[in-house]
Amino acid sequence: MRFKLTIEYAGTRYSGWQIQKNARTVQGEIARAVAAVIESSDFELYGSGRTDAGVHALAQVAHLEAPSSLPPELLRRRLNDELPPDINILRMEKVRHKFHARHSVVGRSYIYQVSRRRTAFAKPFVWWVKDDLDVERMRLAARRFVGFHDFRAFSDADPDETSTDVLVDTLDIHEDEDLLVFHVEGSHFLWKMVRRLVGVLVEVGRGGLTDDAAAQLLISGDGLPARLTAPASGLFLERVFYEGDSRDVSVRPPVTVLRL
């Protein structure tokens, strides 16, 4: 039986999604729960893609192929009983065997949250930027990254990636109380690409870069995007899109930072 799992998690305590030796990961925790519930290690658990250490997910997708006769909802509840409280399976449904959590993906979206003030409650889920930020300048620069570009300068070398060309469909900045919510959607994303885009846009907002200079980084590859990488704490994998999925969904920040 093959199941599609939609999962939310807080990544603060984990070394990313993918199973690693001698490290606690989200996939590892779910695999442990599956083995406990079905009383077997004969199963396949495959995610839509990796998230790095400290990165969160609102709707990560995985497929599970396992010898279980339990109804999907009962299996979901039993798995959640075995999982730690910062990992939660939201939905579980039977799918055809041709569905693959990674290979069937047609797009992804991410949210990144910047707090404009110190917050006692949302610290694990935001990047607090102390400087005043010019949001309109940031929006102007963000438009320069929309479209089909080579984002090699915004990523580290990754043996799993055969191309550094990425189609960015949208890159918007929303204001919600004292949060700036960056929303980016595209065909796929390179390792650390979203965090480096946010870091560059924040530098524009600080006045350290013009929008022309920011766009030039796509070509120059001088190492500045790497030095400006935003911390993992503010990044959320928002959605994973498959054929037929609606993309007309409003952007909702995962946390709230009220304006004082």
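## Surroundings of H183

Leaving aside the neighbours within four places in sequence, H183 is in contact with S109, Y110, I111, T170, L171, D172, H174, E238 and V251. The model in which these contacts are found is a predicted one. H183 belongs to strand β9, which covers residues 179-186, and one of its contacts, E238, is also joined to it through the side chains by a polar contact of 2.8 Å.

With a relative accessible area of 7%, H183 is buried, because the limit for that class is under 20%.

## Strand β1 and its partners

Strand β1 is largely enclosed by the rest of the structure, since seven of its eight residues are buried. It pairs with β3 in the antiparallel sense, and seven bridges join the two strands; within this pairing T6 stands opposite V61 in β3. Strand β1 also pairs with β4, again antiparallel and over seven bridges, and here F3 stands opposite K94 in β4.

E65 lies in strand β3 (residues 56-65) and R2 in strand β1, so the pair ties together parts that are 63 residues apart in sequence. The two partners fall into separate accessibility classes: R2 counts as buried at 10% relative accessibility, whereas E65, with a relative accessible area of 26%, is partly exposed.

## Helix α2 and what covers it

Helix α2 spans residues 72-82, and its buried residues are P72, L75, R76, L79 and N80. Seen down the axis of α2, these buried residues fall within an arc of 135°, and they therefore line one face of the helix.

## Salt bridges elsewhere in the chain

Side chains of opposite charge can pair when their charged atoms come close. A search of the whole structure finds 22 salt bridges, and one of them joins the side chains of K192 and D156 at 3.2 Å, N to O. This pair links distant parts of the chain, with K192 in the loop between β9 and α4 (193-206) and D156 in the loop between β7 (147-150) and β8 (165-176), 36 residues apart. K192 is partly exposed, with a relative accessible area of 24%, and D156 is likewise partly exposed, with a value of 26%.

Within helix α4, the side chains of E203 and R206 meet in a salt bridge of 3.3 Å, N to O. Because E203 and R206 are three residues apart in this helix, about one helical turn separates them. R206 is partly exposed, its relative accessible area being 35%. Salt bridges also form a network, in which R116, E136, R139 and E175 are linked.

Conventions
Residues are numbered from 1 along each chain as its sequence is written. This is a predicted model: local features need pLDDT of at least 70, side-chain atom pairs count only at pLDDT 80 or more; totals for chains, interfaces and linings use all residues. Side-chain values use heavy atoms; hydrogens and water are left out. Buried means under 20% relative accessible area, exposed over 50%, partly exposed in between (1.4 Å probe, protein chains only). Helices (H or I, at least four residues) and strands (E, at least two) are DSSP runs, numbered from the N terminus. The arc is that of the directions from the helix axis to the C-beta atoms. A polar contact is a pair of N or O atoms within 3.5 Å; within protein, one must be able to donate a hydrogen and the other to accept it, and residues adjacent in sequence count only if both atoms are side-chain atoms. Contact means heavy atoms within 4.5 Å. A salt bridge is a side-chain nitrogen of Lys or Arg within 4 Å of a carboxyl oxygen of Asp or Glu. Two strands pair if DSSP finds at least two bridges between them.
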